[in-house]
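Biologist: I have not seen this structure before. Could you take me through it feature by feature?

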Amino acid sequence: MTIPAQHNPYGVFVPRSRQSLPHAPARPMDDHPLVPWDDTSHIEQWVDVDHAQEQLDAFRLCLDRLPELVNDGVDHGRLVVVTGPAGMGKTTLIHRCVHEARQYIAQLAPEAEGEPAPLTDVVAMAAGYDNNGKAISTDENGDFASTPAINSTIRDKVVAALGKHFTNLDPAISQEVPAKAFSAISTLLFRQDALLFVIVPHIDWRDAGVRTKFLKTCLKHAQSRIVLFVEISHGTDEPAAEVVKELLPHPAVTHLALERLREEDRVRFSRSARSGHPDPDHTLLNGWNPADVRELRQVYHATAERQIREGRPVRITADELREHTGGLDLATLRRDPPPAHHP
């Protein structure tokens, strides 16, 4: 994380934002998922909190079985369910998994002339980079959409992403019911020798039973050459295993689980974010118990912004953090997820 002092090293650029208005400087955000597969600067900001690295290693086992996803004799792709509390980096973990998968595919270069090229990979984000569920779960009246409407919206987002890569995409796919559409998409991917990654956001289902049915539907959509990442937020009163208990064991399902911040996670983030300057770890976080990774990043970002405005080099010390957190409305930073709605 060696970044010039005039830039805030704890801010995250939205991918492609710097190209959209070339004559206007892009401002980094204090709260945005890391998307290393589309912005290489993000990979430098990855910090292993809440043992996220262990979850990433678990996903890498899926990559070792990649031939199963592209084999004509296998009739399923993969569903990766990522669970954890709000603000703990589930979307960032999903993007990191996509990055790892693309890196893996890039290494599959043909060894000899005349051999087929590596797989083409396509990423379809149902709700944009930040994976906000409201983008696909709210209808034109601002009400919570029906389950069929949500599934149709996901289909449309996937078809739109594929249309940017394949000129021979049959527009009739958008008129098919989602189950048939994903079947047609799987066939297209075989013909194009491609692999599709679909990122589905957390949706505020009020009834856990409806959520389970939705996950089972996602599993049906995860056909050959299709990998679906589905994000599920949950509170402390619901163990992560409860979210996926009706899907396991299944050869096509992988469950990655994040939990609450631990003291060791706060120290790990602090060490990484401070770029090695010598403030003692045990004093840096005394009196401050951040709720999640989002709060960690926001507080560091706000502290650095103040130093930049005052013309000082960015250097986060224990005293700076204490002074800043003492004046913060931490309740505002700790945004609780909105109330759940009926599907």
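Predicted model: local features only at pLDDT ≥ 70, side-chain atom pairs only at ≥ 80, totals over all residues.

Biologist: How many helices and strands does the protein chain have?

Modeller: There are 14 helices and five strands. Of the 343 residues, 49% count as buried. Among contacts with a separation of 6 or more, 74% join residues 24 or more positions apart. The accessible surface is about 16800 Å², and carbon and sulfur atoms make up 50% of that.

Biologist: In what order do the strands form the sheet?

Modeller: The order is β2-β3-β4-β1-β5, in an open sheet with parallel pairing. At the edges stand β2 (120-125) and β5 (253-257); each has a single partner strand, so one side of each has no neighbour in the sheet. From one strand to the next, the twist averages 15 degrees.

Biologist: How many bridges join β2 and β3?

Modeller: Strand β3, residues 194-200, pairs with β2 in the parallel sense over six bridges. Within β3, L196 lies opposite V122, and I199 lies opposite M125. The pairing of β3 with β4 is also in the parallel sense, over five bridges. There, F197 has V227 in β4 as its bridge partner.

Biologist: How should I read the two faces of a strand?

Modeller: The general idea is that side chains in a regular strand alternate between the two faces of the sheet. In β3, one side carries A194, L196, V198 and V200, while the other carries L195, F197 and I199. Both faces are covered, and these residues are all buried. Seven of the seven residues of β3 are buried, so this strand is largely enclosed by the rest of the structure.

Biologist: Which strands does helix α8 lie across?

Modeller: Helix α8, residues 208-221, lies across β1, β3, β4 and β5, and runs at about 165 degrees to β4. Helix α4, residues 90-106, packs on the sheet too. Its contacts are with β1 (78-84), β2, β3, β4 (226-233) and β5, and its direction makes about 160 degrees with that of β4.

Biologist: How is the packing of two helices described?

Modeller: Two packed helices are described by the angle between their axes and the distance between those axes. Here α6 (residues 147-163) packs with α8 at an angle of about 30 degrees, and the axes are 12 Å apart. Their crossing is right-handed. From α6, the residues T147, I150, N151 and I154 take part. They meet V210, F214, T217 and H221 in α8.

Technical notes:
Residues numbered from 1 in each chain as written. Heavy atoms only, no water. Helix = DSSP H or I, 4+ residues; strand = E, 2+ residues; numbered from the N terminus. Buried < 20%, exposed > 50% of the residue type's maximum accessible area, 1.4 Å probe, protein only. Contact = heavy atoms within 4.5 Å. Areas by Shrake-Rupley, 256 points an atom, 1.4 Å probe, with all protein chains shown as cover. Pairing = 2+ DSSP bridges. Axes fitted to C-alpha atoms, helices over the stretch in contact; angles between N-to-C directions. Left-handed = near helix turned anticlockwise from the far one by under 90°.
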